[in-house]
Amino acid sequence: MPQTEKYLSKSKTIAARVLGDETIIMSTVDSTIFMLNPTGTAIWQAADGNTPLSRIIQEKVCAEFDVPIEQAEADAEDFIAELASHGVLVISEQPIPR
Amino acid sequence: MTVLMKPPSQAKGRDQDVVIEIGGIPIALETTDAGFLDILRGRYGDYMRLGGRSEFRFRVELVEPETFNPDDDATVWLEDGEWRLERGDFRARWSPETRQGLIHQAPNPYSIDSVLRITHTLLLAQAGGFLLHASSAVRNGKAYLFSGLSEAGKTTIARLAPPDVTLLTDEASYVRRYDDQYLAYGTPFAGELGEPGKNISAPIAGVYLLAKGPENSITKVEPAEATRRLLRNILFFAHDADLVNQVFESACAFVAAVPVYQLSFFPDARVWDLIG
């Protein structure tokens, strides 16, 4: 059975800035601060609501960071779940309109 | 140099006003209570004058406190265009539009100190500045900030300063932006040292994030990490999304303009050999 696709969008209740190859994010709801490493930054920058997660992993993670697909998928799932649990990232099974 | 906060034309001083000017922003306090005036004089010293120009005006009404613990968190929010500030020992409101407000507070220096700190954080946030948990000092015409939370060494660094160093504060550093330059101002906000800083300002040459260690060393902190650590130490109180955005942008802009280092130091006077 094919796995359901996921789409990612940045929350509107955050302030974020890419600095070098890292990203700093601050929740405007509770002022929690998050730091993303270069891999997380690549996923974050590609989270446009229209690009499926599988494509982000292939094109932005595996291709650029030389990571095996299985490991990249597992790490990415943990990563987006963590950000989503803090309201920083929105995950949907459908493309997310801006 | 651009002056970001111009005085409104109606804000002429009255003879009976007490004006407390911190960071170049004069705030007038109207009070007729002689005892409270003495409290202000003792607390603010060089930062206080009678009468003269002001940019903001508060009427102070003294009341008995409902509860009083200066370590309690204050609640700050924007309602109907006015900032509201509340803690057990004070209740205040002021309008950014009219630049006037009212303070109900207990007759003690801690309450007015908190109201002024919060007010300044709100004013600074709109102008790219901030109050930072940091001691700061001027050496050879340049200001250096030493930032950290409690027990990080802010007061220790201040105590170890040699005679050619002028202390601005051992607790809360006042940072204002003028175009692409940042200035640190002296503040009366004292920590364990218990003494107000000198009422002067100087361009900021660097920020040192403090860590105590077995020897003295300085390492550059990369921008993302510097911004994260700076944000942890910036004082802001309001649960307001626009304000959080402003503070975030201010921190990013500051780190782009001012070098940030980690200073691991052994607590003796030799640490100042590395500064300035």
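This is a predicted model: local features need pLDDT of at least 70, side-chain atom pairs count only at pLDDT 80 or more; totals for chains, interfaces and linings use all residues.
| Property | Chain A | Chain B |
|---|---|---|
| Helices and strands | three helices and six strands | five helices and 17 strands |
| Span of the C-alpha trace along the principal axes | about 40 × 30 × 20 Å | about 55 × 35 × 35 Å |
| Buried residues | 27% of the 98 residues | 43% of the 276 residues |

Let's take chain A to begin with. Read from the N terminus, its elements follow the order β-β-β-β-α-β-α-α-β. Its radius of gyration is 13 Å, which agrees with the value near 13 Å for a compact globule with 98 residues. Of the contacts in chain A between residues at least 6 apart in sequence, 47% join residues at least 24 apart.

Turning to chain B, its five helices and 17 strands belong to a chain with a radius of gyration of 18 Å, close to the 19 Å that the globule rule gives for 276 residues, so chain B is as compact as a globular protein of that length. Among the contacts in chain B with a separation of 6 or more, 67% are accounted for by residues 24 or more positions apart.

**Where the chains meet**

Between the chains, 12 residues of chain A are in contact with 12 residues of chain B. On the chain A side, the elements that give two or more residues are strand 2 (14–19), strand 3 (22–27) and strand 4 (33–36). That side of chain A consists of six nonpolar, four polar and two charged residues.

**The nonpolar core**

In soluble globular proteins, nonpolar side chains tend to be buried together. In this model, the largest nonpolar core has 98 residues. Those with the most contacts inside this core are Ile20(B), Ile27(B), Leu145(B), Ala184(B), Val247(B) and Ala251(B). Domain 1 and domain 2 of chain B each supply at least three residues to the core.

Leaving out residues up to four places away in sequence, Ile20(B) touches Ile27(B), Leu29(B), Tyr44(B), Tyr47(B), Met48(B) and Leu116(B).

**A closer look at Asp46(B)**

Asp46(B) sits in the loop between helix 1 (34–44) and strand 3 (48–50) of chain B. Is Asp46(B) buried or partly exposed? A buried residue needs 20 or more other C-beta atoms within 10 Å, while an exposed one has 12 or fewer. Asp46(B) has 13 other C-beta atoms within 10 Å, so it counts as partly exposed. The C-alpha atoms of Asp46(B) and Ile20(B) are separated by 8.9 Å, although these residues are 26 residues apart along the chain.

Notes: Residues are numbered from 1 along each chain as its sequence is written. Chains are lettered from A and ligands numbered from 1 in the order in which they are written. Two residues are in contact if their C-beta atoms, placed from the backbone, lie within 7 Å. Helices (H or I, at least four residues) and strands (E, at least two) are DSSP runs, numbered from the N terminus. Ala, Val, Leu, Ile, Met, Phe, Trp, Tyr, Cys and Pro count as nonpolar, Asp, Glu, Lys and Arg as charged, and the others, Gly among them, as polar. A nonpolar core is a set of buried Ala, Val, Leu, Ile, Met, Phe, Trp, Tyr and Cys residues joined through C-beta atoms within 7 Å. Domain bounds come from an automatic or database domain assignment. The radius of gyration is taken over C-alpha atoms; the globule rule is 2.2 Å times the number of residues to the power 0.38.
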